[in-house]
Amino acid sequence: MATAVPPAAESDASDLQRARALLSATAIRALAEDRWTRWRPWLDSPLFAAVIIALTFVFAPAGQSVRPIPPLDSIASETVRAERAVAVEDKTATDARRAVAASSSLPVFTYTPDLYLTLSKQVATAVEAMAERARDMTLAPAQRRAAFQEAIGRPVSQAVFDLIEKIDNPADLTAAISYLLNLGIDRMIIADRDDLPPEGPIQVSDPDGKRMDKALVAGVLDLAQFRRLIQARSGDAPYGTARAARTFVLETALALTAPNLAPDPALTASLRDKAVAAAEPVVVRLAIGEVVIREGDRVTKSAQDRLRLLNEGGAQRSVIGETLAVGALILGLTLLAGSFFRVRRATSFLGRKQIYITLAVVLGTSIVGVASWYAGRGVAAGLGVPADAAAFLPPVALATVIVALVIDTRTSLLVGVSLALLMAYRVGGDIWVLAHYLVGVLAAGMTARRGRRRSDILKVGLTIAGAQLVLVPIMVVLDTTVPPDEISYFVGAAIAGLVGTLLISAFTTAGLPLLEWLFDETTDMRLLELASADNPLLKQLALRSPGTYYHSVMMANLAESAAEAIGANGLQARVMALYHDLGKMERPSYFAENQRGSNVHDRLPPELSARIIFAHIKDGIDIARKHRLGRPVLDAVTQHQGTTLLRVFYQRALDRAKASGEAVNEAEFRYPGPRPRTKESGILMLADTVEAATRALKDPKPADVRERVAKVISEKIADHQLDDCALTMKDLATVEAAFVRVLTLGVYHTRIEYPPLPAKKEPTPERRHDDANTAQGEPSRPRPAEPTPISEGQPPAGPQPTAVPSASQGQPADGVPGLDVRAS
């Protein structure tokens, strides 16, 4: 048989249900962070495109304006700098270089060294055949002479032929002619002297063109000179029996002479063309920011040529094409990074908010880097330092430091390497500038993992500076493009690197608070600020809810010690503990730790008490969101109770139900959750219960403390409150040991009981003063009573004064100050 529920109890139950629903909805809204967790293609796509376009314009090269060339010997009216890196061919200088290459290409001559040996053999063959025909006598004299003329290669009169045919030893004739012809075997003989260059060497090639040597023009004889040599040496020929034919011998030798050295125009032209093609064009390179001509200087021919080349270089480069190429590169790097995080095996925490933070940091660092580079060029020009040294100034590692502190190291390194490539291109730097950037990025990625103080940021900057300064002497040795004596360049590079690291520290210190405010992000520095006792909210909590503040501080010590023991974020756990009960500031007297000898809940129905206790969660959420305390504090406020049961008020409802017969739903007396989702939240729940449970011990001995801590953890496990967090059984054992250590050594440690001071006959000045006040009718000042440690929602023992009329006595449910649970 169903038991009728009284109207008042039914109303309280419905109000309790609405309170739980309202609290659940508030917690869900607070934890969802819908602004960041839900992707909005209609908004995200244009924003991503805008960032890519902005980065493209930051890193795209500037166009080179055409400057008029001032007249020669005039005074320059302005300082002209190269607005972009230019590499232009100086055609005039290139033509001059090629002309030198063509003129230095030696003419080629074909040399036939065995020509006169061949002629000597020809003479020997003709004479032997003549002697053979003379012995045979089968041919007529005219026929024998014709055959001899054809064989020797020159006309011979009949009288001379008859003379030489009658020589006793024809070999003497061959020997005499060969002697004169052999004078040309070791000599180079050319037909005309005009075919030779006036002086200098020549290239001599064999007929096959396989071998080529050099020879001096002075050692070459022309044909007339060689013939005069034969005439001069004709008397030395071994005539023998052919002395009567000396005239024939000389004339035959002179007739057979021929040039063995001849010019080769085709091969000469081919080699000259190869030499001209091998001559590299003269390229004039102007670095970005390099001064072409200064204001007030006299215009020289060299300055005019450089201005002309600068204009030509600007006209040859397509700014639109290069801008599109830079944009494609940036887009490719972005897509590559996205693919990397999609295919990596480890779980990625790079959500929508983290992506926006990364893009904002990249864009900000790019703007700061390019602006500092422009400023550095101006300073370098004023100090007389090479403008190229300003390329070492941009603080590329700034993005690495901030992303490492806010997101993670892996993402920071990807961002740093990409920015190093883009910045090196933008400043026109070489491999050493890129190495400078990369060294800073790697040093930042290794050191900027956690920064809680400004000094930590300074240490990161000093580490980056040290790593980059080590690179300077290496550049001195390996950079072949800079003369070793260019000390000003390396000094300027070192100074620029140091200033860049100072910029990293300065912009990191200034940029982190801005990022925290814009994206509602909580860094370790923000956590350290929240953990400070000077925080206004903590001061309000200590002033309005002193018991809650003391309870939160005790919890903070427990949570921090346990979190650090298992490798979690101890600072975050401490902050979560300090702020988890912020909502109790709204109605502090309704919570046991803030009460003095009475409990208002003894006069309230359990449903209303549960609503009041539930309300501190919603109030805490509202305060945390109003003051932008960050996600860790919201997690602490919403998850520190999980779905635990308000056992005191549930038991009261059961006791009342036995007398009234009304039904009691246990779910209505449970917190709506959610349960802890992180290690820090799980530790916070355990610390909250452990602190309250051990505070209730009358004689907190170490064994009792250990037993109570183990019991609390076992109850939370049995109640499935830790199912959604990442705490393992090993972690829980470590947490339990940490709790016991803090409680036994830091809270309930043994103290020495000091003996009372010996009684003195004469009262102390203070006592005299008190006695005098008492004698004058002034009451003595009573000592303040110690607060009774009571767990959340549990009434203390002893007589209770009537504070708030209960709803069952006819008072409205919303009579509790500041409590409105009728909102939907």
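Modeller: Start with the lining of the largest cavity. Its residues divide into eight nonpolar, five polar and no charged. Here Ala, Val, Leu, Ile, Met, Phe, Trp, Tyr, Cys and Pro count as nonpolar, Asp, Glu, Lys and Arg as charged, and the others, Gly among them, as polar.

A word on the source. This is a predicted model, in which local features need pLDDT of at least 70, side-chain atom pairs count only at pLDDT 80 or more, and totals for chains, interfaces and linings use all residues. Residues are numbered from 1 along each chain as its sequence is written, and side-chain values use heavy atoms, with hydrogens and water left out.

What is a cavity? On a 1 Å grid over the protein atoms alone, it is a set of points where a 1.4 Å probe fits but cannot get out; lining residues have an atom within 4 Å of a point. Grid points are joined across faces, edges and corners, and a volume is the space filled by probe spheres set on the points.

The count comes to three cavities of 30 Å³ or more. The largest has a volume of about 70 Å³. It is lined by 13 residues. Pro-394, Pro-395, Val-396, Gln-468 and Ile-504 lie nearest its centre. Two helices, α17 (431–447) and α19 (487–519), each supply at least two residues of this lining. α19 gives the most, with four residues. Helices (H or I, at least four residues) are DSSP runs, numbered from the N terminus.

Now the second largest cavity. Its volume is about 50 Å³. Its lining includes Phe-392, His-436, Gln-468 and Gly-497. α18 (454–478) and α19 each supply at least two residues of that lining. By class, this lining has seven nonpolar, three polar and no charged residues.

Next, the aromatic rings. Rings of Phe, Tyr and Trp (its six-membered ring) pair if their centres lie within 6.5 Å; planes under 30 degrees apart count as stacked, over 60 as edge-to-face and the rest as tilted. The count comes to seven aromatic pairs. In one, Trp-373 and Tyr-374 have ring centres 4.8 Å apart and planes at 50°, so the pair is tilted. Trp-373 is buried, at 2% relative accessible area. Tyr-374 is partly exposed, at 35%. Buried means under 20%, exposed over 50%, partly exposed in between (1.4 Å probe, protein chains only).

Arg-377 lies over its face, at 4.5 Å from the ring centre. The rule asks for NZ of Lys or CZ of Arg within 6 Å of the ring centre and within 35 degrees of the ring normal. Elsewhere, Phe-148, Phe-161 and Phe-248 form one aromatic cluster.

Conventions
1 Å grid on protein atoms, 1.4 Å probe; cavity = no way out; pocket = protein on both sides within 12 Å on 5 of 7 lines; lining within 4 Å.
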